[in-house]
Amino acid sequence: MKNRRILIIDDDPGIRETYHNILTLKVKKEILSKGANLFNKKTNHIKQKQIDFKLSMSTSGEDGIDKVRTSLENDEPFAAAFIDMKMPGIDGAETSKKIWELDPDIKIVIVTAYSEYTPDDIIRVIGNDEIFYLRKPFNPEEIKQFARVLVKKWNLEKEKKLLSENLKSTNEQLEDINKNLQEKINKQAKILAQNEKMTSIGILAAGVAHEINNPIAFIKGNLSAIKKYNERLMNLFQMYGDLEDSINNKDSKSITDFINDIADYKRTKKIDFIFEDIISLGEESLDGAIRVENIVKDLKTFSRVDKSEFMDTDINESIEVTLNILRNETKYKIEIVKNYGKLPEIKCLSQKISQAFMNIILNSIQAIDEKGTITISTKHIEGRRRNDNVVEIIIKDTGNGIPEENISQLFDPFYTTKPVGKGTGLGLSITYDIIIAHGGSITVASEPGVGSEFTIKIPVDMH
Ligand SMILES: Nc1ncnc2c1ncn2[C@@H]1O[C@H](COP(=O)(O)OP(=O)(O)OP(=O)(O)O)[C@@H](O)[C@H]1O
Ligand SMILES: [Mg+2]
């Protein structure tokens, strides 16, 4: 709803009447009707035009100020006021000043006779140059135009104010939403990163459990065989003890008996075989124990999570460690081809680098449906400049490949083509961060249906 309220302050009743005639619809309609009659036309189709201002009249400055105050209290402010300059009591300039103190938004037109004041005088008194100025005797068109323009200006300003308030509160709301969203994303990212860690740990634990289980199973079998053998050998030993006693007692009858018993026992209990077997059981068990020991050693290297410092690292060894941990995942379907070059040790966050390899190799394993090959090549590229002196690692698979249009998103966090719950899409983004943190680079080449190749370069000397 537009505000079309106008306040007229003038002590002269004739002038107030003129305002009334100029600015209200009734007059307009009458004029139009008169015109229509002249041409013998019906008046009922004559549209009410723009002149529908709501006028309030005051006969003095004091009364005008009161009206403004009441209008504000009723929340029905005036859009504009036409104020006569010369009135009994306070004059137009003083009135304007007071009105503006009450309502800074109202548009004020000072109406004055030629001889009285100059606009500069009025501005000086009021202390505000937002004043409009109209000379008496006035032209009705001028009054109408002022009224129209000023009412419009008032409404536009109001609208602008409302809009900017709305905009402000919308902005605030957006900021809130944004903040909430950011918090949610951070929280989610943390959960996902944690999941990623858990997945790696899960795979690691499963692999390790499997690898340790094997040797432990046969060590256990060997030990129970050894226990059984041990009982027999103890019995045999006992029989030899008895034989010894009879020899000491020179009891020839029982000596023969004992010797026969011993021969029988040795035959039926396969003592000769036991002697042979016990040696290989021992060797096998030792072998198994060494395997378990190695797995645990690898695991320790891999999971030195808390010691995040840089250490001299043999990249070939890091890859080996990673492969050992993933052996359970690879052994039935994947042939691993290794082309290790001779590498200098590089100073790096060893366990992070292993994690980077693990993420890439895991992806390769997951990209191979049935049987396939993963080829891992390493070499030292010696450049003159420090940045060119790098260790290059190429991990190539014969998996299902990556369509060209997906390559650009590959390293983005949460980018995954794997089913919900399978991939978090963080593997490569973590890998990327690790490699970049080492001043290195990672690139990918891939052909759908043929395979993918990830090339990593890590500077030998980071600093
Ligand atoms: N060797 C590869 N062969 C084919 N596609 C790959 C290969 N490596 C990565 N991708 C594609 O890139 C996507 C992103 O890999 P990334 O390791 O970041 O996430 P993910 O494997 O989907 O999930 P996560 O590693 O968190 O379990 C994969 O979903 C897959 O589509
Ligand atoms: Mg992955």
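Me: Before we start, how are residues, chains and ligands labelled, and what pLDDT do local features need?
Reply: Residues are numbered from 1 along each chain as its sequence is written, while chains are lettered from A and ligands numbered from 1 in the order in which they are written. This is a predicted model, where local features need pLDDT of at least 70 and side-chain atom pairs count only at pLDDT 80 or more, but totals for chains, interfaces and linings use all residues.

Me: Thanks! In what order do the strands of the parallel sheet run?
Reply: That open sheet has 5 strands in the order 2-1-3-4-5, with parallel pairing. Strands here (E, at least two residues) and helices (H or I, at least four) are DSSP runs, numbered from the N terminus. Two strands pair if DSSP finds at least two bridges between them.

Me: What holds paired strands together in general?
Reply: Strands of a sheet pair through backbone hydrogen bonds, either parallel or antiparallel.

Me: And which strands are at the edges?
Reply: Strand 2 (54-58) and strand 5 (132-136) are the edge strands, each pairing on one side only. From one strand to the next, the twist averages 20 degrees. Angles run from 0 to 180 degrees between N-to-C directions, and axes are lines fitted to C-alpha atoms, for helices over the stretch in contact.

Me: How many bridges join strand 1 and strand 2?
Reply: Strand 1 (residues 5-9) and strand 2 are joined by 5 bridges in the parallel sense. You can find Ile9 opposite Ser58 of strand 2.

Me: Which strands does helix 1 lie across?
Reply: Helix 1 (residues 13-23) lies across strand 1, strand 2 and strand 3 (80-84), at about 175 degrees to strand 2. Helix 3 (residues 61-73) also lies across strand 1, strand 2 and strand 3, running at about 160 degrees to strand 1. Contact between two residues here means that their C-beta atoms, placed from the backbone, lie within 7 Å.

Me: At what angle do helix 3 and helix 4 pack?
Reply: The angle is about 15 degrees, and the two axes are 9 Å apart. That makes helix 3 roughly parallel to helix 4. For the angle words, under 35 degrees counts as roughly parallel, over 145 as roughly antiparallel, 65 to 115 as roughly perpendicular, and the rest as oblique.

Me: Which residues make that contact between helix 3 and helix 4?
Reply: Gly61, Gly64, Ile65, Val68, Arg69 and Leu72 of helix 3 meet Glu94, Thr95, Lys98, Ile99 and Leu102 of helix 4. By class, this contact of helix 3 with helix 4 has 5 nonpolar, 3 polar and 3 charged residues. Ala, Val, Leu, Ile, Met, Phe, Trp, Tyr, Cys and Pro count as nonpolar, Asp, Glu, Lys and Arg as charged, and the others, Gly among them, as polar.

Me: What about helix 4 and helix 5, at what angle do they cross?
Reply: The axes of helix 4 (residues 92-102) and helix 5 (residues 119-126) cross at roughly 40 degrees and come within 9 Å. Helix 4 and helix 5 are therefore oblique to each other. Ala93, Ser96 and Lys97 of helix 4 touch Ile122, Val125 and Ile126 of helix 5.

Me: Do strand 10 and strand 12 pair in the parallel or antiparallel sense?
Reply: Strand 10 (residues 390-397) and strand 12 (residues 451-459) are antiparallel, with 8 bridges. One to look for is Val391, whose bridge partner in strand 12 is Ile458.

Me: Last one: how many residues surround ligand 1?
Reply: There are 23 around ligand 1, and the closest are Ala367, Thr416, Gly423, Gly427 and Leu428. A residue counts as near a molecule or strand if its C-beta atom, placed from the backbone, lies within 6 Å of it.

Me: Which helix gives the most to that shell around ligand 1?
Reply: Helix 11 does, with 4 residues. Helix 11 (350-367) and helix 12 (427-437) each supply at least two residues of the shell. By class, the shell around ligand 1 has 6 nonpolar, 14 polar and 3 charged residues.
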